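Hi,

Here is the structure I promised to pass on to you.

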Amino acid sequence: MDTMPENLLSISLSWNDTQPPPGAVALGRFHGGRRTLLQWLETQLGLPFTSTSQALRILHYAKLLQSKKQTAYSDSLAADLWGTSRNLLDRRDDLRLLGWDGKDNKDLPPLVRDLAAIEKAGDLLLAGEAERLSVVLAALAAG
């Protein structure tokens, strides 16, 4: 008697998404990490999401970073636009995942205060995992 494979969501506790082992049947199975879980939740909740490439996010963030003068990152940005923009966008995304609301506060370190100024000028193109997770959590809370 042939049976269809059961649906299975396998989430790794490692930081990045993982691939199924070679030769494994992947029909109806999702293997991954937090990104896979987030995408699966969005799908289950019927939430629209248009993926923006990380390269496009970095380019857009670089433009926003360049729009501010005399910041904690000015010298680094002048020396390596792409690397600095990528690093600062990663830091921004991590801070948002940790609960930072993007607002300025005099108790924050100078670099984070400079990033807060960028948040005011940002837009939905910068939506990362933290923003997507907020939408998922709001949908779950709303029932």
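To start with the overall picture, in this predicted model residues 24 or more positions apart make up 54% of the chain's contacts with a separation of 6 or more. The chain has 143 residues, and 26% of them count as buried. Its secondary structure amounts to 6 helices and 2 strands, and along the sequence the order is β-β-α-α-α-α-α-α.

Next, the core. The largest nonpolar core holds 13 residues, and those touching the most other members are Tyr61, Leu65, Tyr73, Leu88, Trp100, Leu115 and Ile118. At least two residues of this core come from each of α2 (54-66), α4 (81-97) and α5 (110-121).

Helix α1 (residues 34-45) packs with helix α6 (residues 129-142) at an angle of about 40°, and their axes lie 10 Å apart. With that angle, α1 is oblique to α6. The crossing of the two helices, α1 and α6, is left-handed. On the α1 side, the residues in the contact are Arg34, Arg35, Leu38, Gln39, Leu41, Glu42 and Leu45, and they meet Glu129, Arg132, Leu133, Val136, Ala139 and Leu140 of α6. By type, the residues of this contact comprise 7 nonpolar, 1 polar and 5 charged.

Happy to go through any of this with you.

Best wishes

Conventions: Residues are numbered from 1 along each chain as its sequence is written. This is a predicted model: local features need pLDDT of at least 70, side-chain atom pairs count only at pLDDT 80 or more; totals for chains, interfaces and linings use all residues. Side-chain values use heavy atoms; hydrogens and water are left out. Axes are lines fitted to C-alpha atoms, for helices over the stretch in contact, and angles run from 0 to 180 degrees between N-to-C directions. Helices (H or I, at least four residues) and strands (E, at least two) are DSSP runs, numbered from the N terminus. Angles under 35 degrees count as roughly parallel, over 145 as roughly antiparallel, 65 to 115 as roughly perpendicular and the rest as oblique. A crossing is left-handed if the near helix is turned anticlockwise from the far one by less than a right angle, and right-handed if clockwise. Contact means heavy atoms within 4.5 Å. Ala, Val, Leu, Ile, Met, Phe, Trp, Tyr, Cys and Pro count as nonpolar, Asp, Glu, Lys and Arg as charged, and the others, Gly among them, as polar. A nonpolar core is a set of buried Ala, Val, Leu, Ile, Met, Phe, Trp, Tyr and Cys residues joined through side-chain atoms within 4.5 Å. Buried means under 20% relative accessible area, exposed over 50%, partly exposed in between (1.4 Å probe, protein chains only).
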